[in-house]
Number of protein chains: 2
Amino acid sequence: MADERTLAELGEFGLIAMIGEAIAQGPMPASVQVGVGDDAAVVAVPSGRVVVAVDQMIEGRHFRRDWSSANDIGRKAVARSMSDIAAMGATPTAVLVALAAPADLAVGWVHDLVIGMVTEAAVVGAALVGGDTSACDVLTLSVTALGSAADRVVTRAGAKAGDGVWVAGDLGRAAAGLAVLSRGHRQPKSLVSAHRVPEPPYAAALAAVAAGATSMIDVSDGLLADAGHVARASGVTIDLEWATLTGDSDLEAMARNLGVDAATWILGGGEDHALLATFPANANVPAAFRRIGSVKRLKSEESEEVLIDGRAAVVPKGHEHFR
Amino acid sequence: MADERTLAELGEFGLIAMIGEAIAQGPMPASVQVGVGDDAAVVAVPSGRVVVAVDQMIEGRHFRRDWSSANDIGRKAVARSMSDIAAMGATPTAVLVALAAPADLAVGWVHDLVIGMVTEAAVVGAALVGGDTSACDVLTLSVTALGSAADRVVTRAGAKAGDGVWVAGDLGRAAAGLAVLSRGHRQPKSLVSAHRVPEPPYAAALAAVAAGATSMIDVSDGLLADAGHVARASGVTIDLEWATLTGDSDLEAMARNLGVDAATWILGGGEDHALLATFPANANVPAAFRRIGSVKRLKSEESEEVLIDGRAAVVPKGHEHFR
């Protein structure tokens, strides 16, 4: 039964104890040498190189409690950060969370949030190893994910002219799901779920390293924006083939229903946490990836960094905070 | 000259570029293999064991912009997290920050904040290697610090009966400084500065490991609360000698001025980020530490975990969020 006390009634130390108990319900990998409960956690990094990223979710901007369950929000917060680790070609091993929450928040809600976090971490054998809690008028979650680097890390900077451009995972479904929720609907589940709990293709990331990926990025700002990040870091042009990006019948039907251009979601929608990677022409690309374009030489300072079917892309470039 | 544009005018990508430039003003240690600008950072961990902690600061709860400069707040945010790494007996190497800020915040303020963060990290040769930015009505900073473990990590759990209890750094000055600021004063600087920018004894932490410290903790919740954490984790009683805790003339004069019992600050005040450690009786304890008590056997379930001069301590036990 849900604990309906508030955080104010439980207090910080009670909350920390509750979180510790929730974490204990998940597996604790041998790599975790010191977990929750000390000044810091200690985690094995067999490769001697730790991969680390932080990402935050803020109520009203990244999630709404009436649109997503606490469990969903916990899963998504962890998935977002672990996806960044995967995009470097590494396996996430440990997660820390800084939780700032209103004092009138229900203890049961936080419990479900933590269970969601532990559940998502366990998908790749990772564990929640530390964190911090504080009172705050706005509910915010900042999640740090760690991984041990593979023999090679894959950055945004290695794409070469002649490489193919490939993607693993969905594109635009999270944005479509958000549009559905924004209009007061809860269906279709396939789209709404993509917004609530993304499913980053963690295993595909490791396979991509092994197959010789030359660059990789987590698609979180939108395909065009993220392809642009790779193009700029690598000094190349990326030419996407529109025909390869169409054919998601759920998404396209919903776009027609809502009178939206599906391209807005496919090219501009973030938060699917697909992986965009480039591979040499002769690479044996893992089955999780599909080819969506090619890498070309950047011809001059004026050249466009991302093209669609050889022409400058003109759809919205994704979400930008503060604007 | 300070950049008076707002974050809304600069936009998220402009902000990220500005932060990158501010970071480039600090040193970048060789241990940072991939820094800001990719999906995740990659940092060398020569020992194969990473030490990691996260801590957050929230406007109105942990700091006020009219009491501390942006530079002070940046230094403090980083010092808090790096102090947790030091308390495990490790040297901090890298820091990440999740910044959530109102869109009307001045760009120049964030610039100074980042410079403060880079400055504090550089005190121990660490660098800012990553982060996340988002709009939020409440200004919050969540800082993750990483370090490479020494041969041995020092947890809260190793204190043994017969050990001495030692402290490095100030006790109660940050709380006294906060009390001064709360009453509208700005002097004495020695106390106010302790609140604005704590100076964790980073070097003493490494020396403590080498000298055989059996337990160590960052004093952030207050001496009694943190001694209690060590006592509980180690299954011992800690007996503090009051006479060793007195004699800070600035602090005691201010306590008399304000009509406050100095013990409230010394025993209950957090945020000085002193280090509390236990050492065997025959240890050659580093000069940065002074002896403040001894570890005793916990006699029964009912025994007090922390005593002062052999008697139960009855002063406030420090700050607790949500209460």
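**Domains, chains and terms**

Author: In chain A the domain assignment gives domain 1 (11–148) and domain 2 (164–312); such bounds come from an automatic or database domain assignment. The model is a predicted one, in which local features need pLDDT of at least 70 and side-chain atom pairs count only at pLDDT 80 or more, while totals for chains, interfaces and linings use all residues. Residues are numbered from 1 along each chain as its sequence is written, and chains are lettered from A and ligands numbered from 1 in the order in which they are written.

Reader: How do you know how many residues of domain 1 of chain A are in contact with domain 2 of chain A?

Author: Two residues are in contact if their C-beta atoms, placed from the backbone, lie within 7 Å. By that test, 16 residues of domain 1 of chain A are in contact with 16 residues of domain 2 of chain A. Helix 3 (residues 70–86) of chain A contributes the most to the domain 1 side, with nine residues; helices (H or I, at least four residues) and strands (E, at least two) are DSSP runs, numbered from the N terminus. The centres of the two domains of chain A, taken over C-alpha atoms, are 26 Å apart.

Reader: Why is chain A called as compact as a globular protein of its length?

Author: Chain A has eleven helices and 13 strands. Its radius of gyration is 20 Å, close to the 20 Å that the globule rule gives for 323 residues, so chain A is as compact as a globular protein of that length. The radius is taken over C-alpha atoms, and the rule is 2.2 Å times the number of residues to the power 0.38. Along its principal axes the C-alpha trace of chain A spans about 60 × 50 × 35 Å.

Reader: What makes strand 8 and strand 13 of chain A edge strands?

Author: Chain A has an open sheet of seven strands in the order 8-10-7-11-9-12-13, with mixed pairing. Strand 8 (215–219) and strand 13 (311–312) of chain A each have a single partner strand, so one side of each is left without a neighbour in the sheet. Two strands pair if DSSP finds at least two bridges between them. Strand 9 (residues 236–240) and strand 12 (residues 306–308) of chain A meet that condition, being joined by three bridges and running parallel. Within this pair, D239(A) stands opposite L307(A).

Reader: What makes helix 5 of chain B "mostly covered"?

Author: Eight of the ten residues of helix 5 (residues 173–182) of chain B are buried, among them R173(B), L178(B) and V180(B). The buried residues of this helix pack against helix 6 (189–196), helix 9 (249–258) and helix 10 (262–268) of chain B. In the loop between helix 5 and helix 6 of chain B is P188(B), which a cis peptide bond joins to Q187(B), with omega about 0°.

Reader: How do you know which kind of axis relates the two chains?

Author: Copies are superposed by least squares on the C-alpha atoms of residues with pLDDT of at least 70 in both. Chain B can be laid on chain A with an RMSD of 0.0 Å by a turn of 180° and a shift of 0.0 Å along the axis. That is therefore the relation of a two-fold axis. Among residues of chain B, G48(B) comes closest to the rotation axis, at 2.3 Å (C-alpha).

Reader: What joins strand 3 of chain A to strand 2 of chain B?

Author: Four bridges join strand 3 (residues 49–58) of chain A to strand 2 (residues 41–44) of chain B, and the two strands run antiparallel. V52(A) stands opposite A41(B).

Notes:
Buried ≥ 20, exposed ≤ 12 C-beta atoms within 10 Å, placed from the backbone.
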